[in-house]
Amino acid sequence: MELLVITLMLLSTTALSLADTNVLSGSECSEADNAATQNPFQTNLNNLLNSLTTSVPLHGGFYKTTTGKDSGKIYGLVQCRGDVSTTDCLNCSKKSTSAALQGCPRSKKIKVWFTWCFLRYSDDNFFGIWDQSSTALTNDTNLEDPSVVSQGLNFMTELASTTAKQPSMFETAVLDGGESGKRYGMGQCTRDISRSDCSSCLEAQLETFRTTIGNKRSWEIYGSSCSMWYHDFQFYFNISTPANDGDRSISLHGVAIGMGIAELVLLLWWIL
């Protein structure tokens with residue numbers, strides 16, 4: 001039986017009302033393995049992390065690669081939020097690799113979430129495989145206006161259906177809640193999975209956590225393959241996405257759609 005340690009930072013009511021900042025949001029480490037501190041794994045890992053860090057800002061905020069051969073092969077990817085600059089993407093990827101090495105020095109399977117990027121590496125090939133595990137985070141003291149509950153769920157359902165159709169499988173949207181104010185939504189999939197799996201991933205998250213999030217004014221659902229966010233404040237940046245991703249602004253049933261990706265957070269110990 002494999003032991004996984006997941007560290008996540010719980011959102012407080014205050015955190016949900018602040019502007020977006022880049023912080024260590026969570027990490028997941030496999031059980032300690034002494035081989036992870038020895039060669040050839042260490043050499044392969046260092047080469048992998050160097051390649052990921054230097055290449056991700058040059059490839060539109062997403063990069064995956066491998067190092068090593070046969071049983072010593074390591075698979076890794078890093079993905080930055082679509083609204084952050086190239087410089088912020090580079091800096092975040094560097095922070096994520098440092099956090100991985102410091103927080104899980106004897107693990108061969110690691111996931112690290114920062115607000116602006118996500119890092120994952122493993123000695124097992126996970127490329128293109130939809131990881132169906134997800135967690136919902138809500139602020140239980142910040143309840144949604146009853147008149148907006150149904151609109152909000154429909155709004156995020158629309159977002160889930162359109163995110164996979166975007167060039168880089170990430171999207172932001174704004175809902176006009178009338179007197180209750182605006183709501184901001186975001187959907188993101190890691191770009192190694194297929195578009196059909198992206199849609200399935202986001203739809204499954206909404207279905208699984210519908211009761212949990214339905215009456216909340218701010219919530220986040222995140223996983224290793226896709227994530228969604230819903231807040232009553234704009235938590236993403238208004239900067240252009242890379243040209244090869246295509247800037248986008250359309251109107252869909254009264255919802256203004258844009259491009260973006262976002263934050264995630266939590267703190268717990270999880271044993272599988």
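**Figure 1. Disulfides of the predicted model.** A search of the whole structure finds five disulfides, a disulfide being a pair of cysteine sulfur atoms within 2.5 Å. With bonded cysteines counted along the chain, the pattern is 1-5, 2-3, 4-6, 7-8, 9-10. This is a predicted model, in which local features need pLDDT of at least 70, side-chain atom pairs count only at pLDDT 80 or more, and totals for chains, interfaces and linings use all residues. Residues are numbered from 1 along each chain as its sequence is written, and side-chain values use heavy atoms, with hydrogens and water left out.

**Figure 2. The disulfide of Cys29 and Cys104.** The two residues are joined with an S to S distance of 1.6 Å. Cys29 lies in strand β2 and Cys104 in the loop between α2 (86-103) and β5, so the pair ties together parts that are 75 residues apart in sequence. Helices (H or I, at least four residues) and strands (E, at least two) are DSSP runs, numbered from the N terminus. Both Cys29 and Cys104 are buried (under 20% relative accessible area, 1.4 Å probe, protein chains only).

**Figure 3. The disulfide of Cys189 and Cys198.** The sulfur atoms are 2.0 Å apart, and the link is right-handed, with 85° about the S-S bond.

**Figure 4. Strand β5 and its partners.** Five of the five residues of β5 (residues 110-114) are buried, so the strand is largely enclosed by the rest of the structure. β5 pairs in the antiparallel sense over five bridges with β2 (residues 24-30) and likewise over five bridges with β6 (residues 117-122); pairing requires at least two DSSP bridges between two strands. Trp113 stands opposite Gly26 and opposite Phe118 in β6.

Technical notes. Buried < 20%, exposed > 50% of the residue type's maximum accessible area, 1.4 Å probe, protein only.
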